[in-house]
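This report covers one structure.

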Amino acid sequence: MSEITANTDTQSARRSTWELVWSVLGPFVGLGIVLAIFLGYQLIEQPPQPFLSKLRMTMIAKQTAIVGIGALGMTVIIISGGIDLSAGSILALTAVLLAMLLKQGVEPILALIAIVLAGIACGVFNGLLIVTLRLIPFIVTLGTMLALRGVAERVSDQQKIQAPAPEWMSTLLDPPASGSWQLVCTGVWIVLGLGLVLAAVLRLTVFGRYVFAIGSNEATARLCGINVPLVKIAVYALGGAFMALAGLFDFNDLAKQGNPTSGLGKELEIIAAVVIGGGSLNGGRGSVLGSILGALTMTTLSSGCVYAGVSDPVQKIVIGLIIIAAVAVDQFLHRRSD
């Protein structure tokens with residue numbers, strides 16, 4: 001009997017080790033495969049420009065910053081067992097609010113603080129609906145996705161709003177000057193810096209442990225005395241703050257313009273980045289590094305499809321199949337852990 005128990009423990013230990021290794025290396029493997037495919041295409045077809053040209057890498061970095069900043073917030077939400085389909089609408093709403101405030105002459109730093117608070121308010125609204133109505137996050141955020149998009153269109157009168165902005169705000173996604181130490185745009189460094197802070201919060205603080213505990217088993221977390229509703233509201237508020245920063249990047253990407261229709265489908269890209277990076281839609285698993293690598297994989301894949309002349313419909317098919325594959329791997333790992 002003891003021998004059987006020992007064998008079972010050994011198998012469980014091996015399985016846990018394998019899952020840990022895969023959770024760390026999986027996102028790198030996915031990115032490596034995508035790079036290998038398009039570098040292989042370059043070797044075989046020999047197009048005029050190399051795949052990893054300076055211009056293409058600049059564009060990939062720029063798009064990674066937009067998806068990556070949103071993915072940071074979505075990582076916390078998904079680890080807690082939730083999801084936020086209103087991410088793209090929060091992005092559009094905060095970008096419109098930023099343009100309106102700047103156009104009215106509000107100090108840029110105050111306008112930035114205002115849109116972050118607006119993003120937090122959107123997140124708190126989502127969290128309150130989820131915990132008070134006891135509805136699943138998918139349904140609640142599906143509703144707020146439409147409602148917040150409507151608010152963005154209403155306050156902007158369905159018009160794009162052009163606004164003046166200081167250089168530090170309007171050049172966040174511009175490529176660095178030649179010879180600069182930055183190598184990539186400022187936006188990427190902001191994502192990496194905030195990613196380090198978020199990773200520390202998730203791994204070293206009580207709040208981070210609560211988030212993982214709720215995502216792993218909410219009922220057990222309640223029995224352990226964790227204030228689950230409060231933590232959930234805080235999680236969505238944090239996610240809203242990151243979506244507001246994504247709105248700042250969107251404003252920057254559209255040449256100092258707030259567009260109420262921007263960000264359509266962005267929530268799916270952000271969720272896909274987290275899942276491809278190892279985040280589990282069942283909750284309890286995910287990492288900041290994985291989500292950033294997932295965002296980089298998504299933008300590299302999209303850029304590579306353009307490079308290879310793949311049509312837009314086929315791009316969507318490919319990306320959709322990859323998302324399904326990532327979720328299938330997640331479900332496989334989840335069943336093994338059970």
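## Where two helices meet

Which residues in H11 meet which residues in H12? The model, a predicted one, gives a clear list. From H11 come Glu-269, Ala-272, Ala-273, Val-274 and Ile-276. They meet Gly-290, Ser-291, Gly-294, Ala-295, Thr-297 and Met-298 in H12. By type, the residues of this contact are six nonpolar, four polar and one charged.

## How the helices cross

Helix H11 spans residues 266-276. H11 and H12 pack with their axes 7 Å apart, at an angle of about 120°. H11 is therefore oblique to H12. The crossing of the two helices is right-handed.

## The largest nonpolar core

The largest nonpolar core holds 47 residues. Phe-249 and Phe-251 have the most contacts inside this core. Several helices each supply at least two of its residues: H2 (54-79), H3 (87-103), H4 (108-133), H7 (186-204), H8 (206-216), H10 (228-253) and H12 (288-307). H10 gives the most, with 10 residues.

What does Phe-251 contact, leaving aside its neighbours within four places in sequence? The partners are Ala-95, Leu-98, Ala-99, Leu-102, Ala-163, Ala-165, Met-169, Lys-256, Gln-257 and Gly-258.

## A second core

A separate, second core has 31 residues. Among them are Met-74, Leu-93, Met-243 and Ile-271.

Technical notes. Residues are numbered from 1 along each chain as its sequence is written. This is a predicted model: local features need pLDDT of at least 70, side-chain atom pairs count only at pLDDT 80 or more; totals for chains, interfaces and linings use all residues. Side-chain values use heavy atoms; hydrogens and water are left out. A nonpolar core is a set of buried Ala, Val, Leu, Ile, Met, Phe, Trp, Tyr and Cys residues joined through side-chain atoms within 4.5 Å. Buried means under 20% relative accessible area, exposed over 50%, partly exposed in between (1.4 Å probe, protein chains only). Helices (H or I, at least four residues) and strands (E, at least two) are DSSP runs, numbered from the N terminus. Contact means heavy atoms within 4.5 Å. Axes are lines fitted to C-alpha atoms, for helices over the stretch in contact, and angles run from 0 to 180 degrees between N-to-C directions. Angles under 35 degrees count as roughly parallel, over 145 as roughly antiparallel, 65 to 115 as roughly perpendicular and the rest as oblique. A crossing is left-handed if the near helix is turned anticlockwise from the far one by less than a right angle, and right-handed if clockwise. Ala, Val, Leu, Ile, Met, Phe, Trp, Tyr, Cys and Pro count as nonpolar, Asp, Glu, Lys and Arg as charged, and the others, Gly among them, as polar.
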